[in-house]
Amino acid sequence: MTAGLKPTHNALGVAPSWWRRLSLLGGRLYSRPVSAIGTTITILFLLVAICGPLIAPYEENEILASEARQPPSAEHWFGTDNLGRDVFSRVILGAREILVLAGLGTLLAVICGTLFGLLSGYRGGWFDEITMRIFDSLLALPALLLALLLLGTVGQSKYSVLIVLVIVYTPIVARVVRSVVLAVKPQGFVDAARLGGETQTRILFREIMPSVLPTLSVESALRFSYAIFLVASLGFLGVGVQPPSPNWGLMVKEARTFASLVPWALFFPAAAISIVVIGVNLMADGVKRVIGPEQAD
Amino acid sequence: MFAKLQQIIKNRILHLLVLVLALAILLQACAGGTATPTESSAGQDHQGVLRVAMQPIVQTDPAFISSDPEIIIASSIYDYLVDVTPQNTIAPRLAREWTVSEDGKTYVFILVENATFHDGTLFTAEDVVWTFNRLRDPGVDSPTKDIYSNIDQIEASDQFEVTFTLKEPNPFFLYDLSDNHALILKANSQDPGSDFIGTGPFKQVSYSPEDRLVVEANEDYFLSDRPKLERVEFIFFNDQVAQVEALRSGQVDLVMLLSADLFITLIGEQGVLPLRAATNSFDVVRLRSDRAPGDDPRLMEALRLATDRQVIFDLVLQGYGEIGQDTPIGPMYSQYYAEDLQLPARDIDAARHLLADAGYPDGIDFELHTPDTGNRPNLAVVLKDQWAEAGINVDVIVEPESVYYGDEGWLAVDLGITGWGSRPYPQFYFDTMLVCEAKWNESHFCDSELDRLAKIAGTTLNEEERVEAYRQIQELLVERGPILIPYFFSQLGAISDKFSDFVMKPFPGRSDLSTIRLTDQ
């Protein structure tokens, strides 16, 4: 198990195919119960996000005035909130918003972080110094505080949240990638490629990148779970997303005032946040174990 | 050698620990001295400590206070010349009686003679003159300077007699004298924002911004049977849910300005008495009428026709209030309220036709701005759902109150929801919100007929004429007004059952804490 996926090159110096890597990773994730549960939860939530409109019985903001504050029943599985909206439909349809926002934000942060990390680690010098000091100053601020500061500056919308996720998580990814690059850079095959006259882009993406990928995949999964949490937290704090969005954090905030009367309107979105974050974390932990501690740390 | 060094370090650490412990005990003793009720400050008639949960205050100078917490604190420390009762009538306070000349231009007030400021100075007519001159001084720039611009002269006609002379008759002048800011200060106060020297029922003890402000009973208060309490602590909370939880757990005794959602959770709670006051407070949905698209009155009519007031009343207010008729005159002003106004019923098709006639056959998009306080976000969400059926698509923009009202942004947006507090008379709303030159004319409405009628209502000494003018204003607003007022909401609060004799006023900040007493055990 700890041997993990051999990350870079086989005996002939040829990297295994992406599909082969993925299927190997999947197989090993499902060989441990805990990782299997995490992966299944994540996949289930992703399916809910994709197929949400087919599953949800009502529109996300449809107000059923005569059915406000109803407890869970066959008609309304998760009950209705204070304004008569079906909580089940809102939780289901909220999955798309929060996962797309967190997923897209993580993806962009990973791309930006990887580019900065590769260049910074490989080139070194003044570029490395300037980039890392800027990132250090961003990392010095807690993520939520930085997010609130940025949202106060760029205004409140879904796009602002996306920008915030990229700015908050790019430095973290870049630091991780850079550390791997620094370890790989002195190795013989990189020198060989350079002496062989390969371009910098080719060296970065064909020679170094395969060594970065295992660590990057663990980091991406972790960032994804943090991003979900951050999007929900911003919703709870009432910034970033606007009512009547079915953002789970915002739903918890709205339900908080009448929690003792309509507890189900608070419980289900809060449970959704917990389950998906735990699921993604378990999956990330599984990926880390499969790849091997020496790669992931 | 090493063992000796270890021993020295151990001794040093021990000394340090003892020192820290002693310091901690000393600090605790000091803190305890200010936080716990003291015996010395309490007379025999003053009993009990009331802890009031409220939003933090910013302004402490009475000339600039605006929020309920700021007003209730200031009115505990200072007094009004005349006060407004919970039934909206005028009651004596520092002025014990008054006369009005036949032409309605001269008011003579006879003052109480046994009131003293908290520093021992005797209260006299000079203090009244100084206070009102300050309130109307353009240099001070208090929000009251417009209200008092009609005053021609204020003079101390005797040590305990003040005469106000007006330029024009003002039938609501006594209410103006009881404006929230018109608390009487000591003449020539250098720094009214931090002196806290008034004649009120309570004296300021300590103020820790963002934490609490503590007052204690004024032993020399001119009303001998008040206050009943020994001490009041105003404890600041940013979060209303936290206020309610603090009441539940016995950490505070009084909360006010609750949303209906939170209020319902307190009904039936052991040891807690719910408080409810009918008011003329309302949330107004207004459309700017001076530029497209709101300059076409059919747009506002379409918004009204697409609105289901009963559903809003049930869902948003949960029945705590009254349904509105798109005019600021609510049922609380029973003598002026036109009960028989006929508002058209909800008609989605008619709304769609009006939109099409106005050039929007495929519907129209709006941003609906609203502050994040009270029931306003819920109102915006329900309106979004109701209007969508008529093709009016709204993006709700919920902003912190400081952002919504900051930089006059609320006056600039096309479509917005604004909360207006309850006032003892309706003229205030027309003068500040709807006449052409109104300071807070957020809908940028200008109608010469409305201006004419508002002028009559605000100046005539003939009550019948005023009733008729207000009726015509209400009809005009229903016909072509730029506003939608879906409801008037009740003020809601709760108090611990350890206390009694508290009456919450329609404007909660004006509630009188000097009448509250510990319930007999």
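A residue counts as buried under 20% relative accessible area, as exposed over 50%, and as partly exposed in between, with a 1.4 Å probe and protein chains only. By that rule, buried residues make up 54% of the 521 residues in chain B. This is a predicted model, in which local features need pLDDT of at least 70 and side-chain atom pairs count only at pLDDT 80 or more, while totals for chains, interfaces and linings use all residues. Residues are numbered from 1 along each chain as its sequence is written, and side-chain values use heavy atoms, without hydrogens and water.

Here is a quick look at chain B.

| Property of chain B | Value |
|---|---|
| Helices (DSSP H or I runs, at least four residues) | 16 helices |
| Strands (DSSP E runs, at least two residues) | 22 strands |
| C-alpha box along the principal axes | roughly 95 × 70 × 45 Å |

Now to chain A and its helix 3. Two packed helices are described by the angle between their axes and the distance between the axes. Helix 3 (residues 87-123) of chain A and helix 8 (residues 200-236) of chain A have axes that come within 7 Å and cross at roughly 145°; axes are lines fitted to C-alpha atoms over the stretch in contact, with angles from 0 to 180 degrees between N-to-C directions. Their contact holds 21 nonpolar, 5 polar and 2 charged residues, where Ala, Val, Leu, Ile, Met, Phe, Trp, Tyr, Cys and Pro count as nonpolar, Asp, Glu, Lys and Arg as charged, and the others, Gly among them, as polar.

L107(A) is found in helix 3 of chain A, and L107(A) counts as partly exposed because its relative accessibility is 48%.

Key
Chains lettered and ligands numbered in written order.
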